[in-house]
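Here is a short briefing on helix packing and aromatic contacts. The structure comes first.

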Amino acid sequence: MKMKTTILTTTAALSFICSYFLNLAMDNTNQYLAIVAVIFMDGFFGIIAGVKREGFKTYKAIKVLKTLVAWITTLTVLLMVEQGFKGTAWLSETILIPLIVFQLISSLKNAADAGFIKNELLAQILEKIDQHKTN
């Protein structure tokens with residue numbers, strides 16, 4: 001009887017935790033997808049650029065997955081804090097928008113190194129970004 005109670009308690013606790021994270025992810029799907037898309041885009045162009053420069057490096061490809069796990073974990077924690085404390089709805093945007101901007105700039109540079117974007121176009125884009133930073 002004691003074993004049955006332990007199994008039921010463990011199952012109930014795991015079900016609660018899994019349903020909490022499922023609801024958190026479903027309520028914020030767009031933020032999770034944005035992080036995944038930006039990191040994978042940067043990784044895709046980075047791997048292609050790396051293959052052209054020095055050949056394929058497995059550890060650099062795995063770095064994309066490490067980065068993804070780190071930022072998904074960060075987003076999850078931020079969203080948990082936002083739900084737990086009123087007045088912190090600005091937190092995820094404040095921390096994650098710079099990540100997205102830097103990852104997009106990195107993606108553009110990697111795309112240029114891989115030959116998908118001309119260096120002149122990249123220079124124009126980066127110049128316009130610099131103009132917006134100074135305003």
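The points below cover the model, then its helices, then its rings.

This is a predicted model: local features need pLDDT of at least 70, side-chain atom pairs count only at pLDDT 80 or more, and totals for chains, interfaces and linings use all residues. Residues are numbered from 1 along each chain as its sequence is written, and side-chain values use heavy atoms, with hydrogens and water left out.

**Helix α4**
- Helix α4 covers residues 91-114. Helices (H or I, at least four residues) are DSSP runs, numbered from the N terminus.
- The 24 residues of α4 should span 34 Å at 1.5 Å a residue, and the end C-alpha atoms are 35 Å apart, which agrees. The expected span is 1.5 Å times one less than the number of residues.
- Buried residues in α4 include Leu91, Leu96, Leu99, Ile100, Gln103, Ile105 and Asn110. Buried means under 20% relative accessible area, exposed over 50%, and partly exposed in between (1.4 Å probe, protein chains only).
- Gly115 follows α4 and has a positive phi, near 95°.

**Helix packing**
- The axes of α2 (residues 29-54) and α4 come within 8 Å and cross at roughly 25°. That makes α2 roughly parallel to α4.
- Axes are lines fitted to C-alpha atoms, for helices over the stretch in contact, and angles run from 0 to 180 degrees between N-to-C directions. Angles under 35 degrees count as roughly parallel, and those over 145 as roughly antiparallel.
- α2 passes α4 in a left-handed crossing. Left-handed means that the near helix is turned anticlockwise from the far one by less than a right angle.
- The axes of α3 (residues 58-84) and α4 come within 9 Å and cross at roughly 160°. α3 and α4 are therefore roughly antiparallel to each other. Their crossing is left-handed.

**Helix α5**
- Lys128 sits in helix α5 (residues 119-134). Lys128 is exposed, with a relative accessible area of 53%.
- The C-alpha atoms of Lys128 and Ala111 are separated by 18 Å; the two residues are 17 residues apart along the chain.

**Aromatic rings**
- The structure holds 3 aromatic pairs. Tyr20 and Phe21 form an edge-to-face pair, 5.4 Å centre to centre with 80° between the planes.
- Rings of Phe, Tyr and Trp (its six-membered ring) pair if their centres lie within 6.5 Å; planes over 60 degrees apart count as edge-to-face, under 30 as stacked and the rest as tilted.
- Tyr20 is partly exposed at 28% relative accessibility. Phe21 is partly exposed at 38%.
- Ring pairs link Phe44, Phe45 and Phe116 into a cluster.

Conventions:
Helix = DSSP H or I, 4+ residues; strand = E, 2+ residues; numbered from the N terminus. Parallel < 35°, antiparallel > 145°, perpendicular 65-115°, else oblique.
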